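Subject: Handing over a structure, with notes on what was found

Dear colleague,

Please keep it open while you read.

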Amino acid sequence: MVGLAISPEISLVDEPVKIRAWGLPPDQVITLGAWLKDEKGEIFHSRAFYKTDMEGKVDLEKTPATGGDFHGVCPMGLFWALKSKIPFKKLNKRDVVGSPFLVHIELYSSLEFNVPDDFPAATKVIERWYAAPGVQRILIREGRIRGALFLPPGEGPFVGIIDMFGGVGGLLEFRSSLLASRGFASLALAYFAYDDLPMFLGEVDLKYFEEAAQFLCNHPKVSGDGVGVIGICRGAEIALAMASFLPQVAATVCISGSNAVNGVNIVYGDQIMKPIPLKRERILSTDFWSYGFTNVAGDPRKPEFQDSIIPLEKARGPILFLVGSKDQHCNSLFLVTEAKSRAEKYGKKDVYVQCYPGAGHLLEPPGSPFCPLSQGQYFLVPLSWGGELQPHCRAQETSWKEVQEFFRKNIRCSRRNKL
């Protein structure tokens, strides 16, 4: 009898899963497939081929994939390689508390199958959750602040984190719900294209983000010794500006970001940082079928752009830059290397750069499948993120642990010294 075991069958998406099969003929090539439906009913799928051992077994922690969506020993490959039948579609979880993704793991005794139409020899359905039991989601609509606060179970106090994404706009909550599952109070903060916020980002008003930081500092379940900030892409640029200007920010993680202001002004009271202008003619070009901003943004080293460089040397706390060596969206490794050089020039020693070989732009928590290209709602062509499947997804696992360690190390959790 063919057997298929998945362990654990219920887990958070940032946790590894073990997959084993047995009861098969020895030295036979089989197919293992995975698929799920997102919240719009669209299917994401993956598959890989394996050869059974002399006992008719396959163990994904030991058995190499011989083909399919990946090769070699890759225990989480079926999850990493999930992709839509719709071109350039990115998998995002919207309801992070109320329901899991149901992932179907299926075993086929041949190389050919059509997910999910054929009948597998064995199947399991597992639950992949974005919030641990007891995590509380609180919709925030206070003053100008728009977002969702995620609190771990218990009285706290907890380290507080402000969590921001990039140019997609809206409110993305999956990283905040996972941070709360790991013991942080995380505010998923929207800053445009959500609720009554502007549909387009005309400028970045740091007073809005300061209001959010003060709100989090004042929360009774949050440590009063400052908050952390994490952002990716445009969110990383804003996070760096927050660190440089706002006293509430105690530690900052910038993922695939820039050392300078790009595209729109950053304003803090009567201080205005003018941006490095984007080369609009390259954005509108249709000479290529996908693009990033590597050749769209100006060079921050030019004398005329020096006032656009974010003064990170003024930051109260440490800054961690995370980048992939194969980021095709922007030249993030060059930009953060420039940022670290500036920090050293001004004597700021707690700025760190972590570069992941083979990784692309979208460094997200480990539950996020590899996405080299996706369609942006404001662009006519797909956005190119770059990277290679296995090194990128391994970088997501490594960086996720490093982010948590960084915040725990650098933000003292105490009820004293409320800001």
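With ring centres required to lie within 6.5 Å of each other, the count comes to eight aromatic pairs; please bear in mind throughout that this is a predicted model. One of the pairs is formed by Phe101 and Tyr130, whose ring centres are 5.9 Å apart and whose planes meet at 80°, so the arrangement is edge-to-face. Phe101 belongs to strand S9 (residues 101–108), whereas Tyr130 sits in the loop between strand S10 (122–129) and strand S11 (136–142), so the pair ties together parts that are 29 residues apart in sequence. Both Phe101 and Tyr130 are buried.

The rings of Phe184 and Phe407 also make a pair, with centres 6.4 Å apart and planes at 70°, so this one too is edge-to-face. Here the pair links distant parts of the chain, 223 residues apart, since Phe184 lies in the loop between helix H2 (174–181) and strand S14 (185–189), while Phe407 lies in helix H7 (residues 389–410). Both Phe184 and Phe407 are buried. Elsewhere, Tyr191, Phe192, Tyr208 and Phe209 form one aromatic cluster.

Rings also take part in arrangements with charged side chains. The charged end of Arg128 sits over the ring of Phe79, at 5.0 Å from its centre, and the charged end of Arg175 sits over the ring of Phe165, at 4.1 Å from its centre.

Arg175 brings us back to helix H2, where it is among the buried residues. H2 is mostly covered, with eight of its eight residues buried; besides Arg175, these are Phe174, Ser176, Ser177, Leu178, Leu179, Ala180 and Ser181. After H2 comes Gly183, which has a positive phi, near 100°.

The next helix to look at is H4 (residues 234–245), which has 12 residues and reaches 17 Å from its first C-alpha to its last, close to the 16 Å expected at 1.5 Å a residue. H4 is mostly covered as well, and 12 of its 12 residues are buried.

Turning to charged pairs, the count comes to 25 salt bridges. Side chains of opposite charge can pair when their charged atoms come close. In one of these bridges the side chains of Lys124 and Glu9 meet at 3.8 Å, N to O. Lys124 lies in strand S10 and Glu9 in the loop between strand S1 (3–7) and strand S2 (10–12), so this bridge ties together parts that are 115 residues apart in sequence. Lys124, at 28% relative accessibility, counts as partly exposed, and Glu9 is partly exposed too, with a relative accessible area of 38%.

A salt bridge between Asp225 and Arg412 has a distance of 3.8 Å, N to O. Asp225 lies in the loop between H3 and strand S16 (227–232) and Arg412 in the segment after H7, so the two tie together parts that are 187 residues apart in sequence. Asp225 counts as buried, at 9% relative accessibility, whereas Arg412 is partly exposed, with a relative accessible area of 45%. There is also a network of salt bridges that links Arg141, Arg146, Asp195 and Asp196.

Finally, which side chains does Glu210 meet in a salt bridge and in a polar contact? Glu210 lies in helix H3 (residues 206–218), and its side chain meets that of Lys207 in a salt bridge of 3.6 Å, N to O. Glu210 and Lys207 are both in helix H3, three residues apart, which is about one turn of the helix. An α-helix has 3.6 residues a turn, so residues three or four places apart point the same way. The side chains of Glu210 and Tyr268 are joined by a polar contact of 3.0 Å. Leaving aside neighbours within four places in sequence, Glu210 is in contact with Leu246, Pro247, Gln248 and Tyr268. Because the limit for burial is 20%, Glu210 counts as buried at a relative accessible area of 15%, while Lys207, with a relative accessible area of 39%, is partly exposed.

With best wishes

How values were computed:
Residues are numbered from 1 along each chain as its sequence is written. Side-chain values use heavy atoms; hydrogens and water are left out. Rings of Phe, Tyr and Trp (its six-membered ring) pair if their centres lie within 6.5 Å; planes under 30 degrees apart count as stacked, over 60 as edge-to-face and the rest as tilted. Helices (H or I, at least four residues) and strands (E, at least two) are DSSP runs, numbered from the N terminus. Buried means under 20% relative accessible area, exposed over 50%, partly exposed in between (1.4 Å probe, protein chains only). A charge sits over a ring if NZ of Lys or CZ of Arg is within 6 Å of the ring centre and within 35 degrees of the ring normal. A polar contact is a pair of N or O atoms within 3.5 Å; within protein, one must be able to donate a hydrogen and the other to accept it, and residues adjacent in sequence count only if both atoms are side-chain atoms. Contact means heavy atoms within 4.5 Å. The expected span of a helix is 1.5 Å times one less than its number of residues. A salt bridge is a side-chain nitrogen of Lys or Arg within 4 Å of a carboxyl oxygen of Asp or Glu.
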